Amino acid sequence: MALPAAEAATAMDSAVRATLPNGLRVVIVPDRLAPVVQTQVIYLAGSAAAPDGFPGTAHALEHMMFNGARQLGRDQLSTLSARIGNNNNAFTTEDTTQFYFQAPAQNLDLLLHLEADRMRGALLSEADWDHERGAIEQEVSRDLSSPIERYLVQQNAILFAGTPYEHDALGTRPSFEKTDAHLLRRFYDAWYQPNNAILLIVGDVDPQSTLARVKEQFGSLPGHPLPPAPTVKLRPFQAQTIHLDSDLGAGFLTIAFQMPGARDPDYATAQILADALGSQRGALFALVPQGKALQTEFDYSACAQAGSGVALAAFPKGQDPKALLASVRAVLADIRAHGVPSALVDAARRKEIANLEFNADSITDLTESWATAMSLNGLDSPAGLVQAFQRVTPEQVNALAARLLDPDHALTGILTPTDSPNPAAMQGKAAENFITPPNHPVQLPEWAQKEISALNLPPATTLPTAYTLPNGLHILVQPEHVSHTVKLFGLIRHNDDLQQPKGKEGVARLTSQLFLFGSKTRDRLTLAADLDALAAEAAAGPSFSMSSLTPAFDRTLSILADNELHPAFPAQAFAVLQHQTVSELPGVLQSPGYRFQRASLHALNQPTDPSLREVSPQSVSGATLADVQDYYRHTYRPDLTTIVVVGDIAPEQARDAIAREFGGWKAEGPKPVVDLPQRPLSKSAAITVPDGGRLQDEVYLLENVGSGIGNPDRYALAVGNEILGSGFASRLMQDLRVRTGYAYSAESAFEWSRQRGAFLMAFGADPNKVHLARTAAIGELKTMQSQPVSADELASAKASMLRGMPMSRASFDDLAGLYLSYVNLGLPLDEQDRKARAIFAMTPDAVSKAYRQWVRPQDLSQIVRGPTPG
């Protein structure tokens, strides 16, 4: 079943929309999930609007918007960001440039003030651009180290040749080298106008009073005539193939097609077609259980005026991809000739409509839903998409498939794992790093200082209702009525390193993967069909979950419980998975990324530590279906399981439904040990993992800590870490990036389990600067131990951590994740409140004392992955 269109639209009716006299469109969407607000300013100009010969201009201006405006300079903006939780960023697409802040709802005025300031008051000085150019060029070099990113650049150039979309939004180093502040100012004055912008405000706000505050901040900004918008008219291209090397453990092949844009009348039809092509009930996915592919998917990416559709399949390293390529082409050819089953069209339509309701489960997702609908789809609200999806018919989907999936106009990409000395490193895009931290005390304007001067404890958390069934299963239920949806998350406490039979490493992985193949009463396709009928999702395994519309909760839970408690574990599927795993593992074990992580484990642990057990082709080959069944029987137990339910449901209703479905689950044998024991303190070591495809070295400095999560100083260590290496204003960023330029990014972290802890500092640096960066990082660590942190640093860390706490509860997923992490660590459910009180009372001496007690600079091991010779 699906949420009726009228009901889905009702969930959006509380939004307030207005257009100011200057043309600024304002949308305010109340959401009471958490005392949090998110703003997003969308400028309707992206890379497609760049001047000829200057691709990346929009991206460059995006960076410069963090370098200060008339009322808030760069350092002031950085300081304010830290004091309100440090949750902000921006991104550039082909059509838009979007800036977001998330903060406690009480700081909305501050967000409005700073966004109004930089809407027309950005400084854009030549000196700032000279400073920022180096950072953005490092970003380009980093991202273009990835074959996937390079493939996307080439894909756009071919699919969108001769149009403003042919250049990737990232930009190029040659373009940035010839860019100057005057060019950026012209682009800014042309496009960054209130009549070319949308302001979204989503969260715990009163719409009418918020609108009055928006008018006060933005109403005086004048509108301005806009240049003609760029137009995109695609032209056909001839079939061709791109070949790239990678150093991942598996290979990928892709087949890409031109697709409609988000404002095209066929957009909704194209989205339904893409969903049907990627369905687990579809012929493309069937290549996985048939043993022909390690994974498959179909991705549809739509810009405003054009889009792309990409079929993807993965294959083991060393395997010739020709057979798999032929299989994928055959699937697409059959769909083009005969269409997709109408049942898949119906299921995709239901899910797309339901997804619009699920977006309200997260303040961030709800914001993005509105942003996409308005800026890309050209609609007044996401409700317009409900109507568009409802109108899609199987006949329209099949006609579009016949027109678009033309092999004569397909772009094939083959990314092959290689052992050559210089493979291109396969790294995904990292988060951008905009706000350069100040390296001196910052004086804020009076209006800004007033906003953040009073630091209080965050509101006390509302704890879930807790139950324990007779079989030992724990249930936590937190009602949240911001949408007509319910989410459930389950966790079985287990430890593969302690519970897998010796010599059978990999049994846990095989067991988890076999849940895909259904239960004793529902085979794989029936399981997927039953979920599709409810517009629901469910996944069984050691961590299980489900998402359902409110009326479908009981039926979705029944399907999940059937899969979790009565898995089929078919012999044929076991044989296929075992073969795939054995084929895939050699490439994974040889990959630099895997070897880098293994080197880190070896640095932290003794040679006989259980955490060093390794899955190998031999151990997987030696496993049997009986081993899987035995592992399931002894590891999957109710007395080690916690289920968290968040959403539109009463606690008693959730408890009764779970008791009905899971109450008969029984544990066999004594409760197993699932926590790794304490370990000896690690000693200094140096390990290098060669990776010739990287442009920089990735460096870990790490050691274990002589305590688990019960460490009496863990809150002091957390506050110290906020100062040392968390966020833009940290000491590591100031020293390694701002003052010396040794690294583009640097961070530190403590990681905890019940019995163990570890400390890590990480940075990326050119090989000839690694030693300098290491010396600087360790120097900062020793200073943390020898000198109390300053009052200003401590105040900033407290503000960032305390004001950031409500944001960790701003989605159903985050809420459930918090509770499950507390259960897994053995912490009380009010841990966040306890942590808040400890942070609020923290002193400088407590921080330095904790670092002296628990951190050993002389024992840090150095693990390097990069072009440095091994």
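In helix 13 of this predicted model, the buried residues are Ile363, Leu366, Thr367, Ser369, Trp370, Ala371, Ala373, Met374, Ser375 and Leu376. That makes ten buried residues out of 14, so helix 13 is largely enclosed by the rest of the structure. An α-helix has 3.6 residues a turn, so residues three or four places apart point the same way. The length of helix 13 can be checked too: at 1.5 Å a residue, residues 363–376 should span 20 Å, and the end C-alpha atoms lie 19 Å apart, which agrees.

Both ends of this helix have details to look for. At its start, a side-chain oxygen of Ser362 comes to within 3.3 Å of the backbone nitrogen of Thr364. After the helix comes Gly378, which has a positive phi, near 70°.

Ala810 is 448 residues away from Ser362 in sequence, yet their C-alpha atoms are 6.0 Å apart in space. Ala810 belongs to the loop that joins helix 29 (791–804) to helix 30 (812–825). Leaving aside neighbours within four places in sequence, Ala810 is in contact with Leu33, Ala34 and Gln102, as well as with Asp361, Ser362 and Ile363. Although Ala810 sits in a loop, its relative accessible area is 4%, so it counts as buried, the cut-off being under 20%.

A polar atom of the Ser861 side chain lies 3.2 Å from the backbone oxygen of Lys683. Lys683 is also among the contacts of Ser861 beyond four places in sequence, together with Ala603, Ser684, Ala685, Tyr700, Leu701 and Leu702.

Charged side chains give another way to trace the fold. The count of salt bridges comes to 35, and a few of them are described here. One joins Arg213 to Asp109, with 2.7 Å from N to O. Because Arg213 lies in helix 9 (residues 207–218) and Asp109 in helix 4 (residues 108–121), the pair ties together parts that are 104 residues apart in sequence. Arg213 has a relative accessibility of 26% and so counts as partly exposed; Asp109, at 31%, also counts as partly exposed.

Another salt bridge links Asp562 and Arg522, whose closest N and O atoms are 2.9 Å apart. Asp562 is in helix 20 (residues 553–565), while Arg522 is in the loop between helix 18 (507–514) and helix 19 (524–533), so this pair ties together parts that are 40 residues apart in sequence. Asp562 is buried, with a relative accessible area of 13%, and Arg522 counts as buried at 18%.

A further pair is formed by Asp75 and Arg74, with the closest N and O atoms 4.0 Å apart. Asp75 counts as buried, at 17% relative accessibility, whereas Arg74 counts as partly exposed, at 22%.

Methods
Residues are numbered from 1 along each chain as its sequence is written. This is a predicted model: local features need pLDDT of at least 70, side-chain atom pairs count only at pLDDT 80 or more; totals for chains, interfaces and linings use all residues. Side-chain values use heavy atoms; hydrogens and water are left out. A polar contact is a pair of N or O atoms within 3.5 Å; within protein, one must be able to donate a hydrogen and the other to accept it, and residues adjacent in sequence count only if both atoms are side-chain atoms. Contact means heavy atoms within 4.5 Å. Helices (H or I, at least four residues) and strands (E, at least two) are DSSP runs, numbered from the N terminus. Buried means under 20% relative accessible area, exposed over 50%, partly exposed in between (1.4 Å probe, protein chains only). The expected span of a helix is 1.5 Å times one less than its number of residues.
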